[in-house]
Amino acid sequence: MSKWNLSNDVIDILRNSATLAVSYHCSRITVEHIFLELLKGNYPILDTIFEQQNTNIQSIITDILLKIKEQADNVDVPIQQLPLIKQAISLLDLSALQSKKYNSPTIEVEHLLLRFTVQPNAYPQQILEQYGISNSVVKSYLNKKGVSPFQDDGLFFTDSKTPDSDEFPAYFQTFLQVK
């Protein structure tokens, strides 16, 4: 059983992140893999926010893809054994806390996007800032749409708050069933 209650969209993002990692010969799933799959997912919230900021999602996708290629370690790991790095686990942990705080039964795309905007010293946060997509921009859009009033909860994720990545594959596999 998974330790998170994930929406179908988030399950697809994670599943696709694993496939992406394998296709680039990466030995683990990073936050960049998750972020890229979030951007490629064709979610209306992203289209609207990026359009409001006059930002082309494809430009960000290209930048993230270059970063993933730089990180590739040319190790082939079977998809069922591919771990998330600690930072990616923490991303999901904190997204889960945020979803609970606002009475959402599942981690949704919006929770991931908000977490990416406050991830200190991480490439997804830096690239979003570069293109004018900040936490306040995302929150403002969500508030206008009547989504829960997200407030800055001071949560951020670091490598020190999560279990070792080799502890993760057992519960990751519960939703990473290859279609």
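Biologist: How does the lining of the second largest cavity divide into nonpolar, polar and charged residues?
Modeller: In this predicted model, the lining of that cavity has 1 nonpolar, 4 polar and 2 charged residues.

Biologist: Which residues line it?
Modeller: The second largest cavity is lined by Cys 26, Ser 27, Arg 28, Thr 30, His 33, Gln 71 and Asp 73.

Biologist: How much space lies in there?
Modeller: About 30 Å³ for the second largest cavity.

Biologist: And how many cavities of 30 Å³ or more does the structure hold?
Modeller: There are 2 of them.

Biologist: Switching to the core. How many residues has the largest nonpolar core, and which have the most contacts inside it?
Modeller: That core has 50 residues. Ile 34, Phe 35, Leu 38, Ile 45, Leu 46 and Phe 116 have the most contacts inside it.

Biologist: Which elements give two or more residues to this core?
Modeller: Helices H1 (8–23), H2 (31–40), H3, H4, H5 (86–101), H6 (109–117), H7 (123–130) and H8 (135–144) each do.

Biologist: Where does the largest share come from?
Modeller: From H1, which gives 7 residues to the core.

Biologist: Take Phe 116, then. What is it in contact with, leaving aside neighbours within four places in sequence?
Modeller: Phe 116 is in contact with Val 31, Ile 34, Phe 35, Leu 38, Leu 91, Pro 124, Gln 125 and Leu 128.

Biologist: Now Thr 55. Where is it found?
Modeller: Thr 55 sits in the loop between helix H3 (44–52) and helix H4 (57–71).

Biologist: Is Thr 55 buried or exposed, and why?
Modeller: Thr 55 counts as buried because its relative accessibility is 11%, and the cut-off for buried is under 20%.

Biologist: Which backbone oxygens does its side chain reach?
Modeller: The side chain of Thr 55 reaches the backbone oxygen of Gln 53 at 3.2 Å and that of Tyr 131 at 3.0 Å.

Biologist: What else is Thr 55 in contact with, again leaving aside neighbours within four places?
Modeller: Phe 50 and Ile 60 are in contact with Thr 55, and Tyr 131 is on that list too.

Biologist: One more loop residue. Where is Pro 105 found?
Modeller: Pro 105 is in the loop between H5 and H6.

Biologist: Buried or exposed, and why?
Modeller: Pro 105 is exposed, because its relative accessible area is 65% and exposed means over 50%.

Biologist: How far apart are Pro 105 and Leu 6, in sequence and in space?
Modeller: Pro 105 and Leu 6 are 99 residues apart in sequence, and their C-alpha atoms are 8.5 Å apart in space.

Conventions
Residues are numbered from 1 along each chain as its sequence is written. This is a predicted model: local features need pLDDT of at least 70, side-chain atom pairs count only at pLDDT 80 or more; totals for chains, interfaces and linings use all residues. Side-chain values use heavy atoms; hydrogens and water are left out. Helices (H or I, at least four residues) and strands (E, at least two) are DSSP runs, numbered from the N terminus. Buried means under 20% relative accessible area, exposed over 50%, partly exposed in between (1.4 Å probe, protein chains only). A polar contact is a pair of N or O atoms within 3.5 Å; within protein, one must be able to donate a hydrogen and the other to accept it, and residues adjacent in sequence count only if both atoms are side-chain atoms. Contact means heavy atoms within 4.5 Å. A nonpolar core is a set of buried Ala, Val, Leu, Ile, Met, Phe, Trp, Tyr and Cys residues joined through side-chain atoms within 4.5 Å. On a 1 Å grid over the protein atoms alone, a cavity is a set of points where a 1.4 Å probe fits but cannot get out, and a pocket is an open set with protein on both sides within 12 Å along at least five of seven lines; lining residues have an atom within 4 Å of a point. Grid points are joined across faces, edges and corners, and a volume is the space filled by probe spheres set on the points. Ala, Val, Leu, Ile, Met, Phe, Trp, Tyr, Cys and Pro count as nonpolar, Asp, Glu, Lys and Arg as charged, and the others, Gly among them, as polar.
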